[in-house]
Amino acid sequence: MTEATSNSNADDQSEGQADLETIVSLAKRRGFVFPSAEIYGGFAAAYDYGPLGVEMKRQIRDLWWQAMVRERDDIVGIEAAIITNPAVWKASGHLDTFSDPLVDCLNCQARMRQDHIEDDTCPECGTVGKFTEAREFNLMLSTQIGPVQDESSRAYLRPETAQGMFINFENVQTTTRKRLPFGIAQIGKSFRNEITTKQFIFRTREFEQMEMEFFCYPEDSLQWHEYWKKERLRWYYRLGVNPDRLRLRDHTAEELSHYSDATSDIEVQYRWGWGELEGIAHRGDFDLKQHAEHSGKSLTYFDTDRNEHLVPHVIEPAVGVDRILLTLLFDAYAEEELENGEKRTVLHLAPDVAPAEVAILPLSRNERLGPTAKRVYDLIRPQFRTQYDDAQSIGRRYRRQDEIGTPLAVTVDFDTIDDDAVTIRDRDTMEQIRVPIAELANKLRTRLEELRPHVPEHDEINV
Ligand code: GAP
């Protein structure tokens with residue numbers, strides 16, 4: 001449960017990155033992320049995703065599912081219940097050990113995680129060495145099921161999606177007849193009663209995870225751990241995250257979770273230091289053995305070649321959708337000065353993660369232009385994630401599309417009515433080209449393809 005952040009890196013790539021307030025403000029102003037229940041004064045660490053945020057989240061999930069399930073023969077997906085039998089959490093160890101050490105500052109009474117304190121100094125008031133004894137604080141959120149509100153009706157909101165895969169290992173294995181090595185993947189909400197919920201959507205109490213449990217022969221597990229480190233880094237290149245802002249870091253023995261033999265984090269350099277984006281854990285045979293012991297069911301794999309039952313080992317890449325979205329906003333954000341001295345804010349998002357790929361912009365809101373622009377919109381929107389915007393001046397609309405990261409804008413002007421051609425404007429270069437409407441979809445497709453980040457082959461990734 002430790003999530004180290006540090007500022008100790010010689011090659012500081014956070015230089016020039018926006019600060020958190022700038023990102024929070026852009027997210028709200030443009031409709032990516034809103035504070036939850038804002039009309040009631042908000043609710044600590046809860047956020048609602050707006051029209052652009054949901055599009056981005058959807059893309060992130062789809063790209064993960066595509067890479068982890070659809071493009072592979074060795075991984076299948078499931079969706080398990082969020083609230084399940086509490087026995088699952090006893091067996092997994094979460095009831096007994098899923099906790100953070102909590103301390104209070106004796107001077108200002110601020111409550112914090114002990115492992116988040118640096119140099120024995122209170123981050124709120126600066127007092128040194130004056131803390132209560134640490135006490136363990138369980139992070140699971142609980143609820144009551146049914147009309148009787150007592151201990152027997154207590155249930156928990158899952159703190160990770162992973163256990164859904166372990167408790168369904170047998171079901172999935174027998175229904176799909178998968179042979180080792182194979183994986184089970186899931187995307188869904190998880191809940192933790194986090195003590196510190198700072199940095200916007202980086203750490204919240206309700207969040208969405210994308211996790212995959214990869215079951216393999218014990219003797220191959222270290223190799224698979226290495227494989228997944230590279231493969232997952234590679235996926236972030238596909239999303240367009242600047243490789244210089246990514247690194248892999250192995251957990252120290254003190255940091256390891258109760259279930260893990262070894263964990264490497266993919267970390268991102270944020271303005272406040274390096275922070276965990278994704279964990280790639282070697283969970284050994286911990287979970288299957290625990291569930292076998294607690295349920296009394298055999299959770300082994302029968303190897304027909306060796307004619308023996310064995311308990312597979314597990315490698316688990318696990319990441320939060322919300323944290324990826326925040327990373328992408330930070331990474332893509334730029335404030336630029338144009339040749340004419342004007343300033344613009346732009347999100348250099350890769351086309352696959354931008355909320356919209358194409359914006360259709362009639363030069364002005366005009367009776368003659370409207371129907372032509374709508375015709376272009378109707379032609380393009382079934383093929384691309386498209387926005388239509390005819391409010392305010394064209395310059396302001398370009399700025400708006402830059403600020404939300406739309407890679408291509410299509411301007412419909414008065415000449416279009418006569419020559420049936422439109423102008424494509426490129427977000428990054430701001431170059432404009434004129435193309436016949438009949439060729440528009442193909443041109444857009446080609447340009448978006450050119451804008452997709454280069455993804456190195458698996459073997460070209462250095463870890
Ligand atoms: N099944 C393993 C597991 O849950 P974890 O490192 O606790 O491991 C995996 O969580 C990922 O889930 C993290 O790397 C992070 O991206 C995301 N995550 C965890 N806690 C989070 C929180 N409170 N808010 C947002 N994302 C969180």
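In which loop is proline 181 found? I placed proline 181 in the loop between helix H6 (169–176) and strand S10 (182–191). Helices (H or I, at least four residues) and strands (E, at least two) are DSSP runs, numbered from the N terminus.

**Ground rules.** I am working on a predicted model, where local features need pLDDT of at least 70 and side-chain atom pairs count only at pLDDT 80 or more, while totals for chains, interfaces and linings use all residues. Residues are numbered from 1 along each chain as its sequence is written, and side-chain values use heavy atoms, with hydrogens and water left out.

**Confidence.** I looked up pLDDT, the predictor's confidence in each residue, from 0 to 100. The protein chain has a mean of 93, and 97% of its residues reach 70 or more. Residues 1–10 stay under 50, and for them the model has 36 contacts (heavy atoms within 4.5 Å) beyond four places in sequence. Where pLDDT is low, the predicted coordinates should not be read in detail.

**Backbone.** Back at proline 181, I found a cis peptide bond to leucine 180, with omega about -5 degrees. Glutamine 109 has a positive phi, near 65 degrees, and is found in the loop between strand S5 (99–104) and strand S6 (111–113). Most residues other than glycine have a negative phi, and most peptide bonds are trans.

**Ligand.** Then I went through polar contacts (pairs of N or O atoms within 3.5 Å). Glutamine 209 puts a side-chain N or O atom 3.0 Å from a ligand oxygen. On ligand nitrogen atoms, I noted a polar side-chain atom of glutamate 316 at 2.9 Å and one of arginine 283 at 3.4 Å.

**Cavities.** I searched the whole structure and got 2 cavities of 30 Å³ or more. A cavity here is a set of points, on a 1 Å grid over the protein atoms alone, where a 1.4 Å probe fits but cannot get out; lining residues have an atom within 4 Å of a point. Volume is the space filled by probe spheres set on the points, which are joined across faces, edges and corners.

The largest cavity holds about 60 Å³. Helix H3 (87–92) and helix H5 (162–167) are the elements giving two or more residues to its lining, and H5 has the largest share, 3 residues. Among the lining residues I see Trp89, Arg158 and Glu160. The lining divides into 5 nonpolar, 4 polar and 2 charged. Ala, Val, Leu, Ile, Met, Phe, Trp, Tyr, Cys and Pro count as nonpolar, Asp, Glu, Lys and Arg as charged, and the others, Gly among them, as polar.

The second largest cavity is about 30 Å³. Helix H11 (394–403) and strand S22 (408–412) each supply at least two lining residues. Its lining has 4 nonpolar, 2 polar and 3 charged residues, including Asp402, Arg425 and Arg427.

How values were computed
On a 1 Å grid over the protein atoms alone, a cavity is a set of points where a 1.4 Å probe fits but cannot get out, and a pocket is an open set with protein on both sides within 12 Å along at least five of seven lines; lining residues have an atom within 4 Å of a point. A polar contact is a pair of N or O atoms within 3.5 Å; within protein, one must be able to donate a hydrogen and the other to accept it, and residues adjacent in sequence count only if both atoms are side-chain atoms.
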